[in-house]
Amino acid sequence: MSRFLRFSYRNADLPPFSCKIGRRGRVLDLPLIAWLTLIWVLLWSTFNLANIITGVIVAAAVCLAFPLPPVDLGLRLHPWGIIRLAGYLLYDMYTSGVKVTRQIFTGLPHQAAVMGVPLRCRSDLMLAAVAVAVSNVPGGSVIEVRRATATVFVHVLDADRPEELEAARRQVWRLEELTVRAFGTPDEIARVAEPPPPPQLAAGRPAP
């Protein structure tokens, strides 16, 4: 059975979340099989074991009859990294929310800024994931991602002092490291293990 059906977690040559039928057979994308099976069950409007099994068979037959070229999106799932990222995001959202609420009710003026932060990751998927993670934290939002230089431009609410800008940079780099360690490839993880870019490349400017 293992020679006839091989899964990606046992074979590094296969794309992630896929399986190969036969020694020289077709490669099936398991998330696509699951999605087509779900569509099949929804079409029949009945969720039972027979419909699920039939849906898997029909989905596999469609994928075998009309194969798509294998595409590696560069996504990996690291359970411990995902737990660390989720815990950090929850803590950061809480502390940042308290800080923003305090600023609103105290009524003290604060200087906002748009700050460019160069990242160490290079893949489009990781750049997008880091941008989403940074935007989820209150008090900062990504307004632009420059793919050519792997730079995110972040709007920071509290930028009265240089120390606050530096803390915001470190927060972005920390989120980048945790995101890549949760979903990145070994090459991307090796990149974020290196020191961040020099601070002078990420100088902030006042927001209009």
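Modeller: Let's start with helix α1, whose buried residues are I33, T37 and V41. They cover an arc of only 70 degrees around the axis, which puts them on the same side of α1. This is a predicted model, in which local features need pLDDT of at least 70 and side-chain atom pairs count only at pLDDT 80 or more, while totals for chains, interfaces and linings use all residues. Residues are numbered from 1 along each chain as its sequence is written, and side-chain values use heavy atoms, with hydrogens and water left out.

Biologist: Thanks! What do "buried" and "arc" stand for?

Modeller: Buried means under 20% relative accessible area, exposed over 50%, and partly exposed in between, with a 1.4 Å probe and protein chains only. The arc is that of the directions from the helix axis to the C-beta atoms.

Biologist: Which exposed residues does the face of α1 turned away from its buried side carry?

Modeller: That face has W35, L42 and L43. The buried residues, in turn, pack against β3 (27-29) and α2 (49-65); contact here means heavy atoms within 4.5 Å.

Biologist: How are helices picked out, and what span should I expect for α1?

Modeller: Helices (H or I, at least four residues) and strands (E, at least two) are DSSP runs, numbered from the N terminus. The expected span is 1.5 Å times one less than the number of residues. For α1 (residues 30-44), with 15 residues, that gives 21 Å, and its end C-alpha atoms are 21 Å apart, which agrees. Just after α1, S45 has a positive phi of about 60 degrees.

Biologist: Which residues of α4 are buried?

Modeller: In α4 they are M126, L127, V130, A131, A133 and V134. Seen down the axis of α4, they fall within an arc of 165 degrees, so they line one face of the helix. Their cover includes α3 (79-106), β5, β6, α5 (162-183) and α6 (186-192).

Biologist: How many helices and strands does the chain have?

Modeller: The chain has 6 helices and 7 strands, in the order β-β-β-α-α-α-β-α-β-β-α-α-β along the sequence. Of its 208 residues, 35% are buried.
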